[in-house]
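Please read this briefing alongside the sequence and the structure shown below. The points are grouped by topic.

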Amino acid sequence: MKMFNQPEEAIILNDKVRFLKTFAKLVKRDWIDCRSAAEDDILAFVKKHGQVIIKPIDGMQGKGVKLLDFSSTTTEEISALSGKKYLMEEFLRQHEAMTFG
């Protein structure tokens, strides 16, 4: 079987933060690494976007992914994510033309 992703390049696909940094011009969504972000930065990020997606840094296949809504989450809950192994991304709504059914 032919291998398409070289092992040294496949690392980028398995590391969410590295992937987002490498392909930032193509991804075009705002994100923050909770491991290195200060509480104030995380709170500002959530306030800015209103709704965000939280993904475990080392998770896969959608396990542990959560939607966080600023209007229904306390400041303490948001601030507690600082230093934790999560990636936070702005929530993107799918365009209605992309919805089937």
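Strands β2 and β4 run antiparallel and are joined by five bridges. The model is predicted.

- Three bridges hold the antiparallel pair of β1 and β4, and here tryptophan 31 has glutamate 89 in β4 as its bridge partner.
- β2 and β3 are also antiparallel, with four bridges between them; glutamine 51 is partnered there by aspartate 69 of β3.
- β4 is largely enclosed by the rest of the structure, because four of its five residues are buried.

**The nonpolar cores**

- The largest nonpolar core has 13 residues, and those that touch the most other members are Ile42, Leu68, Leu81 and Met88.
- At least two residues of this core come from each of α4 (39-49) and β2 (51-56).
- α4 gives the largest share of this core, with four residues.
- Isoleucine 42 has contacts beyond its neighbours within four places in sequence: Ile32, Cys34, Ala37, Ile78, Leu81, Ser82 and Met88.

**Salt bridges**

- Side chains of opposite charge can pair when their charged atoms come close.
- The structure has four salt bridges in total.
- One of the salt bridges is between arginine 29 and glutamate 89, whose closest N and O atoms are 3.1 Å apart.
- This pair links distant parts of the chain, 60 residues apart: arginine 29 is in the loop between α3 (24-27) and β1 (31-33), and glutamate 89 is in strand β4 (residues 86-90).
- Arginine 29 is partly exposed at 27% relative accessibility, whereas glutamate 89 is buried at 5%.
- Lysine 48 and aspartate 30 form another salt bridge, again with 3.1 Å between the closest N and O atoms.
- Since lysine 48 lies in helix α4 and aspartate 30 in the loop between α3 and β1, the pair ties together parts that are 18 residues apart in sequence.
- Lysine 48 is exposed, with a relative accessible area of 60%, and aspartate 30 is partly exposed at 24%.
- Aspartate 33 and arginine 35 also form a salt bridge, with their closest N and O atoms 2.8 Å apart.
- Aspartate 33 is buried, with a relative accessible area of 12%, while arginine 35 is partly exposed at 40%.
- Arg29, Lys55 and Glu89 belong to one network, joined by salt bridges that share partners.

**Proline 56**

- Proline 56 is in strand β2 and counts as buried, with 14% relative accessibility.
- Leaving out residues up to four places away in sequence, proline 56 touches Lys16, Lys63, Gly64, Val65, Lys85 and Tyr86.
- Glutamine 6 is 50 residues from proline 56 along the chain, and their C-alpha atoms are separated by 25 Å.

**Aromatic rings**

- A pair of aromatic rings is described by the distance of the centres and the angle of the planes.
- One aromatic pair is found in a search of the whole structure.
- It consists of phenylalanine 19 and phenylalanine 23, with 4.9 Å from centre to centre.
- The planes of phenylalanine 19 and phenylalanine 23 are at 45° to each other, and the pair is tilted.
- Phenylalanine 19 is partly exposed, with a relative accessible area of 29%, and phenylalanine 23 is partly exposed at 29%.

Notes. Residues numbered from 1 in each chain as written. Predicted model: local features only at pLDDT ≥ 70, side-chain atom pairs only at ≥ 80, totals over all residues. Heavy atoms only, no water. Core = buried A, V, L, I, M, F, W, Y, C linked by side-chain atoms within 4.5 Å. Buried < 20%, exposed > 50% of the residue type's maximum accessible area, 1.4 Å probe, protein only. Contact = heavy atoms within 4.5 Å. Salt bridge = Lys/Arg side-chain N within 4 Å of Asp/Glu carboxyl O. Pairing = 2+ DSSP bridges. Phe/Tyr/Trp six-rings, centres within 6.5 Å; stacked < 30°, edge-to-face > 60°.
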